[in-house]
Amino acid sequence: MEIFPVPTHRVQTIFFTVSPPPLPFSTRPIKNSQSPSATSATTANNSTTLRSQTPNGPSFNSSPKHKTYVSTSHQARQSAIIDIQQSPDLHLALSRSAGVLKVQDLNLVMRHFGKQNRLKDLSQLFEWMQQNGELNFASYSSYMKLMGKSLHPNKALEIYKGIEDKLTRVNPSVCNSVLGCLIKSGKLENSFQLFHQMKEDGLVPDVITYSTLLAGCAKVQDGYKKATDLVQELKYKGLQMDSVIYGTLISVCASCNKCKEAESYFNQMKTEGHVPNVFHYSSLLNAYSMDGNYEKAEEILREMKSAGLVPNKVVLTTLLKVYVRGGLFEKSRELLNELEALGYAEEEMPYCLLMDALSKAGQIDEAKLVFSEMKRKNVKSDGYSYSIMISAFCKHGLLEDAKELALEFEAKYEKYDVVILNTMLCAYCRSGEMENVMNLMKKMDELAINPDRNTFHILIKYFAKEKLYMLAFKTMEDMHKRGQQPDEELCSNLMFHLGKTGAHSEAYTIYNMLRYSKKPMCKDLHEKILYILIAGRLYKDAYVVFKDNSRLISRPALKRFASSFMRFGNINLINDVMKAIHNSGYNIGQGLFSMAISRYIAQPEKKDLLLQLLEWMPGQGYVVDPSTRNLILKNSDLLGRQQTAEILSKQHIMSKALKTRDINKK
């Protein structure tokens, strides 16, 4: 269980504390034919006209009526804003405000709803603004930022793609908000694809754009490479790295186990004159925690204190992670006591770090003591401490303890997530508690908790262990339909058991799951499924497997397939199989030809296939043996006496040529 410090995100300045001046965009979306500069000029011209002209001649600035007019207009706008903010019927209030409020006023109302977490009202207001064309770039940017994680990434993309005005669509603030929404939802690949499309459309990325994308790199396996590519692009565009970019980079390095690189960026940042803050130090500490480098961690902590910075909860908890990963359990206990004294151990995370490390080090009794102490002190828990201890009990074979703790959690907590449920499933599966397993699966459905890859693996292993192979197969099918890739070893094991129990087609289905996945398959699996298909007499499928992987099939398996197919396979495919065997580099024996020709002669309607085979053989250096030749002569009426004589003559010539070649070799 990892702890990652959260960087301080930039917030683009789009908030106003007073009534804003006219924005560089009009209050309605700019059409492609109207540029921002033209709009600004129009606004300026209109403003000049209003100031210089009145029905009676004098300017508005010298008229007391103008002051009353402006005051009344401002008052009307403020009243409309308050009406919308306080009205129980938002749609009715918006209808009343038609023609009174400007788009920047509506943006203010949006931000008001966002601050009060009135997300439903926020969405309703934005939809009304869309329908009435009361939108500018700040509207899109504000809405997506304020909705945060509540905005589904697909909805964010739909809104973005619905922006008709090109200038708004490539506005950095709008683009940054969309990318940020995707990254918060874990859609990093989608965000990078969209970023490239945005650049093609005309986006000029700013520092915030790169900072937004970098923040997501800590969450993916190849995040470090993606981060370095972004930094190179940033520098190429002439943008300067600032302290936020450096902090995010150090955090990415820590997440990707790049300790030396994190240290290098930290030093580079200081060399360029940026002063490290608490976030930078905590990120570097997190990098040192990956290999438990407590000496450097303590050194950086001293440097931090000498700079006048006070270690906060995140810093001290990260230092605890360094100690536990370094196996310094005495220091870990001392630091945990310090966290308790400072009020930083009111939640379970520090205890979880220590318990997890102790259990992995084989000190299960000490881990139990920490867990008991945590419960005695009524430390706030979301159940992760239970998850750690249940896993530890399972690992050390204490299945009764694991089951009891799982039951205790179910009785005590109503909040579940997939991690905790997986841990409990593991406990019940290992102790053979089928009823509890089924109850947990039902609970997952009721709570609409989506199983992850680990969930499916736990269940498939358990069902296979209980010899419920068809149930294991159905579970694997469900896993595959949900886009989860099963483990190859697990697939291989289940394929074997399904084959043994006669479920040959189901075994072939699992083979195809692996075959069409993006990962390369183990070569042995092709031969394993070939034997299973032969045993199930699924010769057509066996032929497909052999044809696609003939170079990977061993000679014994090839012989088994060939002889089985000649006896029982689809007669219409015999010639194709012969060619596939020949193309694999295998020299076909006369016995196979004898079986094939016998089957053709037994079904006179297949004489054309027989003729094709006999004509193909000499060209590849094959001839029939004497007994097969006699069989063909006996049935010469099938092909016609003259055609039979011609074919056998060619075979005889080829036979003499082969004998001569063999003599010369000797």
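Q: Which residues are buried in α19?

A: In this predicted model, the buried residues of α19 are Pro350, Tyr351, Cys352, Leu353, Leu354, Met355, Asp356, Ala357, Leu358 and Ser359. Buried means under 20% relative accessible area, exposed means over 50%, and partly exposed lies in between (1.4 Å probe, protein chains only). Helices here are DSSP runs (H or I, at least four residues), numbered from the N terminus. Local features need pLDDT of at least 70 and side-chain atom pairs count only at pLDDT 80 or more, while totals for chains, interfaces and linings use all residues. Residues are numbered from 1 along each chain as its sequence is written, and side-chain values use heavy atoms, with hydrogens and water left out.

Q: What makes α19 largely enclosed by the rest of the structure?

A: Ten of its twelve residues are buried, so the helix is largely enclosed. Those buried residues pack against α17 (313-325), α18 (329-341), α20 (364-376) and α21 (384-395). Contact means heavy atoms within 4.5 Å.

Q: Why is the pair Tyr508 and Tyr511 called stacked?

A: Rings of Phe, Tyr and Trp (its six-membered ring) pair if their centres lie within 6.5 Å; planes under 30 degrees apart count as stacked, over 60 as edge-to-face and the rest as tilted. The centres of Tyr508 and Tyr511 are 5.9 Å apart and their planes are at 15 degrees, so this pair is stacked. Both residues lie in helix α28 (residues 504-515), three residues apart, about one turn of the helix. Tyr508 and Tyr511 are both buried. The whole structure has 15 aromatic pairs.

Q: What makes Arg537 count as lying over the face of Phe568?

A: A charge sits over a ring if NZ of Lys or CZ of Arg is within 6 Å of the ring centre and within 35 degrees of the ring normal. Arg537 lies over the face of Phe568 at 4.2 Å from the ring centre. Phe568 also belongs to an aromatic cluster with Tyr539, Tyr543, Phe546, Phe561 and Phe565.

Q: Why is Glu408 called partly exposed?

A: Its relative accessible area is 30%, so Glu408 counts as partly exposed. Glu408 sits in helix α22 (residues 399-412), and its side chain makes a polar contact with the side chain of Lys375 (3.1 Å). A polar contact is a pair of N or O atoms within 3.5 Å; within protein, one must be able to donate a hydrogen and the other to accept it, and residues adjacent in sequence count only if both atoms are side-chain atoms.

Q: What makes Thr318 count as buried?

A: Thr318 has 0% relative accessibility, so it counts as buried. Thr318 lies in helix α17.

Q: How do you know that Arg515 and Asp548 meet in a salt bridge?

A: A salt bridge is a side-chain nitrogen of Lys or Arg within 4 Å of a carboxyl oxygen of Asp or Glu. The side chains of Arg515 and Asp548 meet at 2.8 Å, N to O. The pair links distant parts of the chain, with Arg515 in helix α28 and Asp548 in helix α30 (residues 539-549), 33 residues apart.

Key:
Helix = DSSP H or I, 4+ residues; strand = E, 2+ residues; numbered from the N terminus.
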